[in-house]
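The questions below go through a protein structure one feature at a time. Each answer ends on the name or value asked for.

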Amino acid sequence: MSVSFPFSAIVGQEEMKLAILVAAVDPSVGGVLAFGDRGTGKSTTVRALAALLPKMKAVVGCRYGCDPAAERGLCDDCRQRLAAGPLKSHSVPVPVVDLPLGATEDRVVGALDLERALADGVKAFEPGLLARAHRGFLYIDEVNLLEDHLVDLLLDVAASGENVVEREGLSVRHPARFVLIGSGNPEEGELRPQLLDRFGLSVEVRTPGDLPTRIEVVKRRDAYERDPDAFVAKWKKEDDRLRRRIVAGRGRIAEVEVPDAALERAAKLCMALGTDGLRGELTLVRAARAVAALEGDHAVGDAHLRRVAAPALRHRLRRNPLDEAVATTRVDRAVQELFGA
Amino acid sequence: MTQPVPEGPSPWDDAVLAAALFAIDPAGTGGVALRSLTGPVRDRWLALLREYLPEGAPLRRLPIHVTDGRLLGGLDLAATLRAGRPVAERGILAEADGGVVVIATAERLGTGMAARIGGALDAGEVFVERDGIALRMATRIGVVALDEGMADDERPPPALLDRLGFHLDFSSIRLDQAVRPSVTATIVAAARARLGQVAADEKIMEALCGAAMGLGIDSIRAPILALRVARASAALEARDNVTDADARVAARLVLGPRATILPAPPPPEEPEPPEPPPPEQGENQQNEDDKPQDPGEQELQEILLEAAQAAMPAGLLAQLQLGGGGRSRTQSSGRAGALKQSTLRGRPIGTRAGDPRSGARLNLVETLRVAAPWQRLRRHEAAQAAGGERAANAPRVEVRRDDFRVNRYKQRTETTTIFVVDASGSAALHRLGEAKGAVTLLLADCYVRRDRVALLAFRGREAELLLPPTNSLVRAKRSLASLPGGGGTPVAAALDAAMALADAVKRKGQTPIVIILTDGRANIARDGQSDRPRAEEDALSAARLLRAARITSLLVDTSPRPQAQAQKLAAEMGARYLPLPFADAATLSRAVKATTAEPDRGLAPAR
């Protein structure tokens, strides 16, 4: 399909939309996992993101789309360019890259350019999906079905922010910092705990249970299929508004205060839930700050913490035999005990 | 719930109608799941479908064990070498663009394959990132999934079924009923041309959504598919508007077979909504919503429910009426275990880059395939290194370590059987010997299946791990033989220990099975106090944890006579219950086999 379904036209699924907006405002939150029922628009939401994101500045001619403003994160090519003179930049869309099932390792990490090897007998590096996703989003639908060796590889790169390729005597390293977005249906296989921990936020996606919402979903889907362009045009205003909120949020986030009281609240909540390590706490605070920035607030408060408590913490509870749904209730209960009803 | 089920058209008529509607809009209606053994009826139907499809529309058969390269596309090695530049090869999905993919024995289709096909169905295109090639190809396809499953749980993966509009079952159609229909390919073609201009009222959408909900269909894809089918039906009838009759067809063909509950009889009463909004609230909302709408709509919804009911298999109706049919979510979550089962077989599923020295098996053909395109470059390099001349002893094919491809096998999920043996005074006196005998028997089974085993014993105040998971059955036997008896019965502690162990096993990616041998007469509470009521309470709550974690379990009652306590414990645990007095070697072994064969049994109440 040529134009993707507009982000703002997605009915319900507030938690998933919020988590994605949070990641768009502050990528350091560390990825979003959307797990849940079939046919709830998980992929649609992520694919809609590409059209929603404001453009970014990138170095002209850089294969990795380096950020001209961040000197420390430049790739080797851009360093050389910088040595020769100031970097030229242009606006490019933020990449939202699909990692399809069945992808082979060479396309993910990059490999020798086959065409040039065959035609000219030259060794040249052809960047892969990780390079393309740099500074953007890497989306894996059915992430729980991804081959283990690819998962290991992704974990490695996601942790280091750098992709190292050694092949045919070619040694390339380039920055690869991206927000990992995964979606899947838990009934088809569980996610390896190592990969689960890697996601900052984990959202549960459920089929809407009430009739009016369901009718609205069907109506909008139908309208979109009948005339995609008209439908997208109709929602353009909403999408534009959302885009402005993201831009404003990004501009504001550095100024959003995190008062000690909020830090203490977050710490207490994590303690009450017995989450492992500090990562939960950190993600919770960061995500709450991003929510505050999105809302135009100047300081993080209980309301912000509340909205992201479940997605930031539910996958970090000490492994409990009870299933995810119960994990959510546990978070909710702890929030209620701590923050009051 | 005794309203008469309205008679619908005969199954063959519906099958023909489905074929026509599917052929009008293959990509929109998703496809057909066809449950039938091979036979003339199915062949006739397939021939009819071929007739209805547009002339020249591709129809590709998809073997279920097809490689990713063939399914999605990739590098065409022969053409690449010939042309001296990378040549892409389309996969079966892209080849079928504008047509239909037929999947034989779809009940054995793996989840991974279903996900790939589902992705292509959703997006209408397939993304290929393989063998140095990145491609995006249109795949506007419909899928016919030939389901030859016999047992109830032998079905195509739910991820695929969810995306196919029609679910047909041919088991009740006799050959003489499968007559040539009056609908011709010309009519279908005319309908296809008209499809684009068919309009559907909002009230049709509302009624379809309402009917889907009334039938307990959780997936929102169902009403979307139903709407498309209703449109196709209108086009088939040469109408420009979807009418109630078309909605009825959609309800019968799309919604009926997906029903998980019986619609509540009029006056319409919402069946308990699956989600948090409490029933009263949901109802209010709905009533408010209904008020401004014209009264005809509620009626339409009822008509649709009736139409859908006509398509529901008789067995299902009976089952649902008994209240035995769970909601869709419970049913599907029960599948989780069963699906995992399909990974039991160790089948090679492709290759990956890797070093054969680390014990993996080298796949020579794949390795050579990978090396092939690089030969020119490498020879060129080698020649340069040798000073322009080709070294006399240069290998014909230069294979480097980067090229090595090793086989990947679908990992056989190992099963670890955790034995939890009650060695307390109550059990020990007369039954411990027999329990040991039973365990020895079961160990023999484990040996046959190459399971790992672990042994927990409980007596006095606590449970003790006698043997951590091991492959050594000899050790298991030895530690069992030396197991002393006597003391209290800390059932809760034992179950907690079993739970922790099972969880650890699960996290290693293996499947735990818990087999408990006890009389269920707990008398030591979790905190180690001897307090019978509390001990029993604790034991039941520990049992519920096992059930919630969906751990497959079997409870062997070791008391001289079957005990209500042990039965209750088994029920709370979701375990199979087996009284030992009746359990000879063969029964025990059968019970364990049955338990392991259907791990999802863990969810069902004990029978």
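Q: Is B:Glu572 buried, partly exposed or exposed?
A: The model is predicted, so local features need pLDDT of at least 70 and side-chain atom pairs count only at pLDDT 80 or more, while totals for chains, interfaces and linings use all residues. Residues are numbered from 1 along each chain as its sequence is written, chains are lettered from A and ligands numbered from 1 in the order in which they are written, and side-chain values use heavy atoms, without hydrogens and water. Buried means under 20% relative accessible area, exposed means over 50%, and partly exposed lies in between, taken with a 1.4 Å probe on protein chains only. With a relative accessible area of 23%, B:Glu572 is partly exposed.

Q: Which residue meets B:Glu572 in a salt bridge?
A: A salt bridge is a side-chain nitrogen of Lys or Arg within 4 Å of a carboxyl oxygen of Asp or Glu. Here the N to O distance is 3.1 Å, and the partner of B:Glu572 is B:Arg544. The pair links distant parts of the chain, 28 residues apart: B:Glu572 is in helix H23 (residues 564-573) of chain B and its partner in helix H22 (residues 532-548) of chain B.

Q: Which residues are joined into one network by salt bridges that share partners?
A: The structure holds 50 salt bridges over all chains. Some of them share partners, and the network they form consists of A:Arg107, A:Glu126, A:Arg132 and B:Glu129.

Q: How many residues apart in sequence are the parts tied together by B:Arg252 and B:Asp14?
A: The two side chains meet in a salt bridge of 2.6 Å, N to O. B:Arg252 counts as buried at 12% relative accessibility, and B:Asp14 counts as buried at 10%. Helices (H or I, at least four residues) and strands (E, at least two) are DSSP runs, numbered from the N terminus. Because B:Arg252 lies in helix H12 (residues 244-255) of chain B and B:Asp14 in helix H1 (residues 11-24) of chain B, the parts tied together are apart in sequence by 238 residues.

Q: Which strands of chain B hold B:Asp147 and B:Arg35?
A: The side chains of B:Asp147 and B:Arg35 meet in a salt bridge of 2.8 Å, N to O. B:Asp147 counts as buried at 0% relative accessibility, and B:Arg35 is buried with a relative accessible area of 14%. The pair ties together parts 112 residues apart in sequence, so the strands to name are E8 (residues 142-147) for B:Asp147 and E1 (residues 31-35) for B:Arg35.

Q: Why is strand E16 of chain B largely enclosed by the rest of the structure?
A: B:Thr552, B:Leu554 and B:Val556 point one way from E16(B), while B:Ser553, B:Leu555 and B:Asp557 point the other way, and all are buried. Strand E16 (residues 552-557) of chain B is largely enclosed because the number of its residues that are buried is 6 of the 6.

Q: Which residue of E17(B) is the bridge partner of B:Val556?
A: Two strands pair if DSSP finds at least two bridges between them. E16(B) and strand E17 (residues 576-579) of chain B run parallel and are joined by 4 bridges. Among the bridge partners, the one of B:Val556 is B:Leu578.

Q: Through which helix does the chain cross from E15(B) to E16(B)?
A: Strand E15 (residues 511-518) of chain B pairs with E16(B) in the parallel sense over 6 bridges, and B:Ile516 stands opposite B:Leu555. The β-α-β crossover is right-handed, meaning that with the strands pointing away from the viewer the path from the first strand over the helix to the second runs clockwise. The helix on this path is H22(B).

Q: What is the order of the open sheet of 5 strands in chain A?
A: The pairing in this sheet is parallel. Its edge strands, each pairing on one side only, are strand E4 (96-98) and strand E11 (201-205) of chain A. The order is E4-E7-E10-E1-E11.
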